[in-house]
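Visitor: I have a structure to look at and some questions about it. Could you take me through it?

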Amino acid sequence: MSKGRNRMIKGLKNVKSALVTGGAGFIGSHLAERLTEFCEVTVYDDFSTGKPGNVPDVTTLVEADVRETDRLQSAVAEAEVVYHHAAQ
């Protein structure tokens, strides 16, 4: 494992909750899966390109578009850290 990756993982040990937008896509789903080893994870995705089967079972799922600002603000407010991978 590279030094950079070790530092990233070390830093995650202090995080209690994370939000991954685009968490049903290829990159977001892999990130969400890895994050579940350290914290509670919420996946936020509208499945426009991602697949429900990509979402790790141990995460909380919010099926919504990032343009739905009320829902997004609520999800962000509950997370310590946000990984934004939603895009089209």
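**The pocket and the chain**

Guide: The lining of the largest pocket has five nonpolar, seven polar and four charged residues. Keep in mind that this is a predicted model.

Visitor: In what pattern do the helices and strands follow along the sequence?

Guide: There are three helices and four strands in the chain. Read along the sequence, their pattern is α-β-α-β-β-α-β.

Visitor: Is Thr60 buried, partly exposed or exposed?

Guide: Thr60 belongs to strand E3, which covers residues 60-63. Its relative accessible area is 45%. Buried means under 20% and exposed means over 50%, so with 45% Thr60 is partly exposed.

Visitor: Which residues is Thr60 in contact with, leaving aside neighbours within four places in sequence?

Guide: Thr60 and Thr42 are 18 residues apart along the chain, yet their C-alpha atoms are separated by 4.5 Å. Thr42 is one of the contacts of Thr60.

Visitor: What percentage of the residues in the chain is buried?

Guide: The cut-off for buried is under 20% relative accessible area. Of the 88 residues in the chain, the buried ones make up 39%.

Note on methods
Residues numbered from 1 in each chain as written. Predicted model: local features only at pLDDT ≥ 70, side-chain atom pairs only at ≥ 80, totals over all residues. Heavy atoms only, no water. Helix = DSSP H or I, 4+ residues; strand = E, 2+ residues; numbered from the N terminus. Buried < 20%, exposed > 50% of the residue type's maximum accessible area, 1.4 Å probe, protein only. Nonpolar A, V, L, I, M, F, W, Y, C, P; charged D, E, K, R; others polar. Contact = heavy atoms within 4.5 Å.
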